[in-house]
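Work through these exercises with the sequence and the model open. Each task is followed by a stepwise solution.

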Amino acid sequence: MKILISNDDGYQAPGIVALYEALKDVAEVEVIAPEHNNSAKSNALTLHSPLYVHQASNGFRYVNGTPADCVHIALTGLLGYRPDLVISGINNGANMGDDTIYSGTVGAAMEGFLFGIPAIAFSQVDRNWVHLAAAAQKARELILQMEQQHLVGHSPWLLNVNIPNLPFEQIGHVKLCRLGRRHAAEPVITQVSPRGETMYWIGAAGAAKDEAEGTDFHATTHGFVSVTPLKVDLTDHDHLGYWAQTASRLNGPAPLPATTQAGA
Ligand code: MN
């Protein structure tokens, strides 16, 4: 089994080191990850500046780009072969519900999926690396089970996995979940710079809004490992009918804006 590992916390983050250490004896593993923290970079690609790849003393390669850049260049030339599995993480903090839209951890895995390779994004729920080795052990077990079930190296799928920060023997079993939802993010934070300009800092993610049974929030709160299959098609299939009726009314000649007089 050939595995490509990336992340969004950067190649020096404890989470990617733990994931590599947990898998290096059961697979051919290569690490290609961002040089710096790229949290919330989603699927961003760097198009207007060159990317450089360097190798750290532990063999990890690092890139002055985004998580998706790392996987993209790995799969389109850098690796020179096709891995059986792309994994990302282990992220420092949960990627549940709406987080998956912004997450660079998910973005790296999704890039693998878009190239037709099975991919998994791993995150630890709390942002403190507590019980990280247990989470890496859980990731290893999951991957070995998937290999045994012949899920690896064939048709692509994309899984989002969140692991509670618990000792190994206290981590519950894998629970298939849908994504929950968060409240809108906290307000932007403003400060005044030393030069007198207002600076804006993006506020924290909102608390869980939909954490009902069946969601990733609910499962991890109760000690289980949440596993959610993700898809890339953002089409609102439930409302295609509604919009079909509405769209037909949008095809006529556009009315003049109320404030604009004809001939003005
Ligand atoms: Mn991160």
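A residue counts as buried when its relative accessible area is under 20%, and as exposed when that area is over 50%. The model is predicted.

**Exercise 1. Determine how many of the residues of helix α1 are buried, and what covers them.**

Step 1. Take helix α1, residues 14-23. Seven of its 10 residues are buried, so the helix is mostly covered.

Step 2. Name them. The buried residues are Gly 15, Ile 16, Ala 18, Leu 19, Tyr 20, Ala 22 and Leu 23.

Step 3. Recall the helix geometry. An α-helix has 3.6 residues a turn, so residues three or four places apart point the same way.

Step 4. Find the cover. It includes strands β1 (2-6), β2 (28-34), β5 (85-92) and β6 (119-124), along with helix α5 (132-148).

**Exercise 2. Describe the surroundings of Asn 165.**

Step 1. Asn 165 belongs to the loop between β7 (158-163) and β8 (174-176). Is Asn 165 buried or exposed? With 11% relative accessibility, Asn 165 is buried.

Step 2. Trace its polar partners. The Asn 165 side chain reaches the backbone nitrogen of Asp 126 at 2.7 Å. A polar contact of 3.1 Å links it to the side chain of Asn 128.

Step 3. Contacts of Asn 165 are Gln 124, Val 125, Asp 126, Asn 128, Trp 129, Val 130 and His 131.

**Exercise 3. Examine salt bridges, of which there are six.**

Step 1. Arg 181 pairs with Asp 98 at 3.3 Å, N to O. Arg 181 lies in strand β9 (residues 181-182) and Asp 98 in the loop between β5 and α3 (99-102), so the bridge joins parts 83 residues apart in sequence. Arg 181 is partly exposed, at 44%.

Step 2. Asp 99 pairs with Arg 182 at 2.7 Å, N to O. Asp 99 is in helix α3 and Arg 182 in strand β9, so this pair too ties parts 83 residues apart in sequence. Asp 99 is buried at 11%, and Arg 182 is buried at 15%.

Step 3. Arg 178 pairs with Asp 210 at 2.8 Å, N to O. Arg 178 is partly exposed at 39%, and Asp 210 is partly exposed at 21%.

**Exercise 4. Which residues form a nonpolar patch on the surface?**

Step 1. The patch consists of Ile 101, Tyr 102 and Leu 234, with about 400 Å² of accessible area together.

Step 2. Leu 234 lies in the loop between β13 (225-229) and α7 (240-249). At 75% relative accessible area, Leu 234 is exposed.

Methods
Residues are numbered from 1 along each chain as its sequence is written. This is a predicted model: local features need pLDDT of at least 70, side-chain atom pairs count only at pLDDT 80 or more; totals for chains, interfaces and linings use all residues. Side-chain values use heavy atoms; hydrogens and water are left out. Buried means under 20% relative accessible area, exposed over 50%, partly exposed in between (1.4 Å probe, protein chains only). Helices (H or I, at least four residues) and strands (E, at least two) are DSSP runs, numbered from the N terminus. Contact means heavy atoms within 4.5 Å. A polar contact is a pair of N or O atoms within 3.5 Å; within protein, one must be able to donate a hydrogen and the other to accept it, and residues adjacent in sequence count only if both atoms are side-chain atoms. Patches are made of residues with over 30% relative accessible area and no salt bridge: like charges are joined within 9 Å, nonpolar side chains (Val, Leu, Ile, Met, Phe, Trp, Tyr) within 5 Å. Accessible areas come from the Shrake-Rupley method with a 1.4 Å probe; for residues, only the protein chains shown count as cover. A salt bridge is a side-chain nitrogen of Lys or Arg within 4 Å of a carboxyl oxygen of Asp or Glu.
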